Amino acid sequence: MKIKTFTIDGVELSGREDQTILEVAREHGIKIPTLCHLEGLTPIGSCRICIVEIDGKRFAPSCITKVEDGMKIVTNNSEITEYRKTILEMIFAERNHICSICIANGNCELQNLSIELGMDHFEIKNQYPRCEVDLSHEKYGIDHNRCVLCARCVRVCAKIEGAHTKDISGRGHNARIITDFARGWGEAETCTGCGKCVQVCPTGALFEKGKPVGARKKRDFLNYLKIMRGQ
Amino acid sequence: MKKITIDPVTRIEGHAKISIYLDDSGEVSDARFHVTQYRGFEKLCEGRPFTEMPRLMARTCGICPVSHLIAASKACDEIMGVKVPIAGVNIRKIINYAQILQSHALSFFYLSSPDLLLGMDAPIEERNIVGVLNRKKDFIENGIFLRKFGQMLIEKLGRKRIHPDYIVPGGVESPVEESIKDEINENARLCIDKALYTIDTFRSVLPAFEEEIRYFSHIPTYHMALSKDGKIEYYDGDIYIIDPEGRIELKFKPEEYNNYISERVEGFSYLKSPYLKIKGYPDGIYRVGPLSRLNIAESCGAEVADRELSIYREVAGRISNAAFLNHYARLVEIIFCAEKIIELLNDDATFVTHTKANAGVNFEEGVGVSEAPRGTLIHHYKVDRNGIVQWANLIIATGHNNLAMNKGILQAAKRFVKGDDIKEGFLNRIEAVIRCYDPCLSCSTHAVGKMPMMVEIVNNKGERLKEVRR
């Protein structure tokens, strides 16, 4: 395994060649905001919130970009912040996020991120799409109004539970999380009802029926699984 | 014909306008109360999970969210087909009493006391709560205490002062610690003392309002309220409708409301006009609220409140149709609420840890009725087999009073307005008719915001002669 040397925010650092910029940054206490990323799941770089500037000429998502020799990485400047805020605004504009009545209010990664990035108004016009709520599953529900398409549920279902009940259909703003072949969740035969998807969901899109508002999701349980499996 | 417009109407909750029409001789020929805000809660809840209804519907209003929480949760209980554990019922009731207490304090002290203590003709720049505070500090301090107590209690039990999401389908989210008892008991007793002092003050100024009692929406109408065993009831019981003389006209289960009440849409207002089906429109005019509740109940079922009720009835009679006496009735109800809070806090069942019944969708329809500060509140939902709301109907207390408010301002306008050269104090009286009902237009049109109001005078050619705007 080769060791690469590079700078993050002017500090000379080194990391293994298989490490991502985000991993090295976190090892050294450098904060980079993320949304779709979750420790324990394969990173896919779908949300682009974690973008960093490389060599002063390109931007890349730090969760899937491997470190290379001589890289000059900047994790935070006014341009990056603007990009992150715009990305976040686009995520908000694409669905109907009404915090006041959301089950995840006070316990929502999207809400926390907008506070962290200081997103105090919208410049992008909201699309107000008509989205379905699927309550056909006995224990769980999905409200597509609150989905950010991070695909954490898809990844945890396929890679951790091994069921691959969930997937994404459609493209762009028509993309939706589906269960089996776009059946109601209650009719999805492959679903084991384990609830891992609900626990990893960053917003209130996936929820456990009958749970109170702000009920804490156990988003860090994957770390324990990793340790137990010796990965 | 000429027309007077009061726009916006002030010191009420929401947005409204009053139009007064004058004939050629300058006499009032008609008057209308226009609610100028639109919301559409019945529509926006379609497609949402029924379990979300309490916290979604609570957002209708920042003053009486608890009433919506309770009516919505009761409708959801019906959909689930569950019986709420006694601790859940008791805690729901305590929060509702706290809310009625604080809302009545808001209406009486903050919105109406400037008219009552400084007079209807007091200079407009003084006729507000600060004006009363400068003249009668202890009086207003009592009002602030009462409101604070109610809000504090809602926060202690419901975790949030405004829009608590603690009341849920099947009961309440979690048990209440018994350690809160002593402090609340003590403050509730202080509330009774402060309300008694306020009643004394109110009674001392009452003789000056003989004309207002007689002409402020003093109209024979039916009255509607929940009642149980002849007592005031905000949570359980049947719906009673009495005629203007106090005879029971109808008694029915809350879920049967649709058989007896219909709603009419008028072009001049976003607020619908409910009426009694058996009497037709507009003869089926009825009222709800503190006055109606005290008309229907034989007694309060609480010691101090009952004593005050009998003194109230010396002024009002057994049955009263004078909307002005709503102010008095509110004070009696504040005492009633404080006593009931003490009673429920001293009931061990309140602190039992089982507070919520769990179930899925067992019925596809549910009606929830509770008494809100302004009167009877009805929530009615229809859901699909997964619990997605397909249809909703809300009849809010202020809605029930719509026909009476319209008729009431006509009566007051006929008494106080002649020609377009009218004094400001007379226009204030027209607004004060509306304040008697403490209307919450935000709720009743299902809108957020302060409550400005306008009065306009229009002649028979439709030309606006005068407009008073605040």
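Predicted model: local features only at pLDDT ≥ 70, side-chain atom pairs only at ≥ 80, totals over all residues.
Modeller: Local features need pLDDT of at least 70, side-chain atom pairs count only at pLDDT 80 or more, and totals for chains, interfaces and linings use all residues. Residues are numbered from 1 along each chain as written, chains are lettered from A in the order written, and side-chain values use heavy atoms, without hydrogens and water.

Biologist: Why is the pair A:D143 and B:R48 called a salt bridge?

Modeller: The rule asks for a side-chain nitrogen of Lys or Arg within 4 Å of a carboxyl oxygen of Asp or Glu. A:D143 and B:R48 meet at 2.4 Å, N to O, so the pair qualifies. The rule finds two salt bridges across the interface of chain A and chain B.

Biologist: What makes up the side of chain A that touches chain B?

Modeller: Seven residues are nonpolar, four polar and two charged. Ala, Val, Leu, Ile, Met, Phe, Trp, Tyr, Cys and Pro count as nonpolar, Asp, Glu, Lys and Arg as charged, and the others, Gly among them, as polar.

Biologist: How do you know that B:R429 and B:E212 form a salt bridge?

Modeller: Their side chains meet at 3.0 Å, N to O. That falls within the 4 Å limit, so the name applies. Three salt bridges are found between domain 1 and domain 2 of chain B. The domain 1 side has four nonpolar, two polar and six charged residues.

Biologist: Which residues belong to these two domains of chain B?

Modeller: Domain 1 covers 1–37 + 417–469, and domain 2 covers 83–218 + 322–350. The bounds come from an automatic or database domain assignment.
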